[in-house]
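The following paragraphs go through a protein model, from its overall make-up to single residues. Please keep the sequence and the coordinates open while reading.

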Amino acid sequence: MANSGIQLLGFFLSLIGIVGLIIGTVLPQWKMSAYIGDNIITAVAMYQGLWMSCAFQSTGQLQCKIYDSILQLDSSLQATRALMIVGIIVSIAGLGVACMGMKCTTCAGSDKLRKSRIAMTGGIILLVGGLCAIVACSWFAHNVIRAFYNPYTPVNTKFEFGAAIFIAWGGSLLDVLGGAMLAASCPRKKHVSKYPTMSGSRSGPPSSTKEYV
């Protein structure tokens, strides 16, 4: 029962993590303009994401523009895109494999050991997907920090972390945690002793009913 509970908890954590990864990937708030010094601009906030850039005007109007060409983007942004997409696809595949091996499902027959191994395989795949997303978020964050502290970066082009990168970070961590729970749910084989039990040998030979004179 405890093993089944760990599998369910890992499954739902991974599911929430994948939803967080998808939401974080789609949102444009991966980095937002940092208002430091005498930075005075007309827009209240400027956001840049993996797919588009947005400007929130002081009048309350939000204008977004999708990036025109992939080849014109920075190589780090392209790599972040690719890693996030790979992480989402691999995590969804791992969740499907883990679902087939969970004890509460009827897939993959009734062999408990085989189902547990399938669930463990799904957990390992989820771990790989979550790690891809963590690498993507950390790489993007590193570039933002490096550009922020670069003295040659103009003040009006400095950015700081937005909400979407934190959502993606949280989703990837939940994905890794759920995958670890599923990967650790495989039961160990029972150790079978190669020596026979001593219960039969302890009993002595049957007593004889013959009487000697």
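A residue is called buried under 20% relative accessible area, exposed over 50%, and partly exposed in between, with a 1.4 Å probe and protein chains only. By that scale W139, at a relative accessible area of 36%, is partly exposed. This is a predicted model, in which local features need pLDDT of at least 70 and side-chain atom pairs count only at pLDDT 80 or more, while totals for chains, interfaces and linings use all residues. Residues are numbered from 1 along each chain as its sequence is written, and side-chain values use heavy atoms, with hydrogens and water left out.

The protein has five helices and five strands. Helices (H or I, at least four residues) and strands (E, at least two) are DSSP runs, numbered from the N terminus. Read from that end, the order of the elements is α-β-β-β-β-α-α-β-α-α. The protein has 213 residues, and buried ones make up 36% of them. Its accessible surface comes to about 13300 Å², with 67% belonging to carbon and sulfur atoms; areas come from the Shrake-Rupley method with a 1.4 Å probe, and for residues only the protein chains shown count as cover. A contact means heavy atoms within 4.5 Å. Among contacts in the protein with a separation of 6 or more, 65% are between residues 24 or more positions apart.

W139 is found in helix α3. Apart from neighbours within four places in sequence, W139 is in contact with S76, A79 and L83. One of these, A79, is 60 residues away along the chain, and the C-alpha atoms of W139 and A79 are separated by 9.1 Å.

Helix α4 holds D175. Is this residue, D175, buried or exposed? D175 has a relative accessible area of 0% and therefore counts as buried. With neighbours within four places in sequence left aside, D175 is in contact with L13, S14, G17, I18, L21, S91, L126, G129 and G130. I18 lies 157 residues from D175 along the chain, yet their C-alpha atoms are separated by 6.6 Å.

Q63 belongs to strand β4, residues 62-66. Its relative accessibility is 41%, so Q63 counts as partly exposed. The C-alpha atoms of Q63 and M46, which are 17 residues apart along the chain, are separated by 9.6 Å.

Next come the aromatic rings. Rings of Phe, Tyr and Trp (its six-membered ring) pair if their centres lie within 6.5 Å; planes under 30 degrees apart count as stacked, over 60 as edge-to-face and the rest as tilted. The structure holds six aromatic pairs. One of them is formed by F161 and F166, edge-to-face, with 6.0 Å centre to centre and 80° between the planes. F166 also pairs with W169, and this pair is tilted, at 6.0 Å centre to centre and 50° between the planes. Why are F166 and W169 separated by about one helical turn? They are three residues apart in helix α4 (residues 163-183), which accounts for that separation. Ring pairs link F161, F166 and W169 into a cluster. Within it, F161 is partly exposed at a relative accessible area of 27%, F166 is partly exposed at 46%, and W169 is partly exposed at 22%.

Two lysines also lie over rings. A charge sits over a ring if NZ of Lys or CZ of Arg is within 6 Å of the ring centre and within 35 degrees of the ring normal. K158 has its charged end over the ring of F148, 5.5 Å from the centre. K31 lies over the face of F159, at 4.9 Å from the ring centre.

K31 returns in the description of the largest pocket. On a 1 Å grid over the protein atoms alone, a pocket is an open set of points where a 1.4 Å probe fits, with protein on both sides within 12 Å along at least five of seven lines; lining residues have an atom within 4 Å of a point. Grid points are joined across faces, edges and corners, and a volume is the space filled by probe spheres set on the points. The largest pocket has a volume of about 310 Å³. It is lined by 17 residues, of which K31, Q48, D74, S76 and F140 are the closest to its centre. The elements giving two or more residues to this lining are α2 (75-101) and α3 (112-148). The largest share, five residues, comes from α3.
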